[in-house]
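Hi everyone, thanks for coming.

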Amino acid sequence: MRPEPRRRPTARQRALLGDLEALFLAEGFADFTLDDLAGRLRCSKSTLYALAPSKEQLAVKVVTHFFRGAGERIEERVAGIDDARKLIGEYLAGVAEQLNRASPSFMRDLAEFGPAREAYQVNSRFAAQRLHQFIGKGVADGVFRDVHARLIAEMTSLIIEGIQTGVLGQRIDVSDAEAFTALGELLLGGLNK
């Protein structure tokens, strides 16, 4: 038996995903029921079920939608930048800007719901890979000191993991956006010649 081909979302569904994203970013998602969401968005529950078969799967879909869009906006922000210092600065400023859109309620719900947290983890791993590339480029271009660039890149991955898992935020009471901003300052201050 062949799986059904995946259908592209309709214009209405794309708009609804955007509305859900805005609502979740502002208020979180754990406390909403499908009835609550249908009422707030002035749609039927069947319209929501057309997006995902359960509230949990809807939350994952919306969180994934947020991170996919954030990633695209960040990549657009750094497109065409050739200087590794500017790449790192703009990339991490973009991450902070996107995470600043998320309320503490959203970030708490994200941390407490494993399937949604997975979407954040995937995005964080991708960000760490991009920073590895930018650091390598900076060393190759001669704008960064070659101070064990691979080690610095790996330490960057660990810091990002600490941000994403909430460990840094809990220890020093900072938002993820503030932590990514500080990471940019640390990297650029430590790598520049």
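Let's start at serine 124, which sits in helix 7. This is a predicted model, so please keep that in mind throughout. Is serine 124 buried or exposed? Its relative accessibility is 6%, so serine 124 counts as buried, the cut-off being under 20%. And what does serine 124 touch, once we set aside its neighbours within four places in sequence? The answer is Ile160 and Gln164.

Those two partners bring us to helix 8. Helix 7 covers residues 114-141 and helix 8 covers residues 149-164, and the two pack at an angle of about 155° with their axes 9 Å apart. Angles over 145 degrees count as roughly antiparallel, and helix 7 and helix 8 are therefore roughly antiparallel to each other. Their crossing is right-handed. On the helix 7 side, the contact is made by Arg117, Tyr120, Gln121, Ser124, Ala127, Ala128, Leu131, His132, Ile135 and Val139. Helix 8 answers with Ala149, Ile152, Ala153, Glu154, Thr156, Ser157, Ile160, Ile163 and Gln164. Sorted by class, the contact of helix 7 with helix 8 has eleven nonpolar residues, six polar ones and two charged ones.

Now for another pair, helix 4 and helix 5. Here we have residues 55-78 packing on residues 84-100, at an angle of about 150° and with the axes 9 Å apart. Helix 4 and helix 5 are therefore roughly antiparallel to each other, and helix 4 passes helix 5 in a right-handed crossing. Helix 4 contributes Phe66, Phe67, Ala70, Arg73, Ile74, Glu75, Arg77 and Val78. From helix 5 come Leu87, Glu90, Tyr91, Ala93, Gly94, Val95, Glu97, Gln98 and Leu99. What is the make-up of this contact by class? The contact of helix 4 with helix 5 has ten nonpolar, two polar and five charged residues.

Next, a look at the backbone. Most residues other than glycine have a negative phi. Arginine 42 has a positive one, near 50°. Where is arginine 42? Look in the loop between helix 2 (34-41) and helix 3 (45-51). With 76% relative accessibility, arginine 42 counts as exposed. Aspartate 173 also has a positive phi, near 55°. Its place is the loop between helix 9 (167-172) and helix 10 (176-191), and aspartate 173 is exposed, at a relative accessible area of 69%.

A word on annotation. An unreviewed UniProt entry carries the annotation "domain: HTH tetR-type" over residues 22-59. In our model, the chain over residues 22-59 is 68% helix and 0% strand, and the C-alpha atoms at its ends are 12 Å apart.

Finally, let's zoom out to the whole protein. How many helices and strands does the protein have? There are ten helices and zero strands. Along its principal axes, the C-alpha trace spans about 60 × 40 × 30 Å. The protein has 193 residues, and 40% of them count as buried; serine 124, where we came in, counts as buried too. As for contacts with a separation of 6 or more, 69% of them are accounted for by residues 24 or more positions apart.

That's my tour, and I'm happy to go back to any part of it.

How values were computed
Residues are numbered from 1 along each chain as its sequence is written. This is a predicted model: local features need pLDDT of at least 70, side-chain atom pairs count only at pLDDT 80 or more; totals for chains, interfaces and linings use all residues. Side-chain values use heavy atoms; hydrogens and water are left out. Axes are lines fitted to C-alpha atoms, for helices over the stretch in contact, and angles run from 0 to 180 degrees between N-to-C directions. Helices (H or I, at least four residues) and strands (E, at least two) are DSSP runs, numbered from the N terminus. Angles under 35 degrees count as roughly parallel, over 145 as roughly antiparallel, 65 to 115 as roughly perpendicular and the rest as oblique. A crossing is left-handed if the near helix is turned anticlockwise from the far one by less than a right angle, and right-handed if clockwise. Contact means heavy atoms within 4.5 Å. Ala, Val, Leu, Ile, Met, Phe, Trp, Tyr, Cys and Pro count as nonpolar, Asp, Glu, Lys and Arg as charged, and the others, Gly among them, as polar. UniProt positions are given in the numbering used here, feature names are shortened, and annotations may be inferred rather than shown by experiment. Buried means under 20% relative accessible area, exposed over 50%, partly exposed in between (1.4 Å probe, protein chains only).
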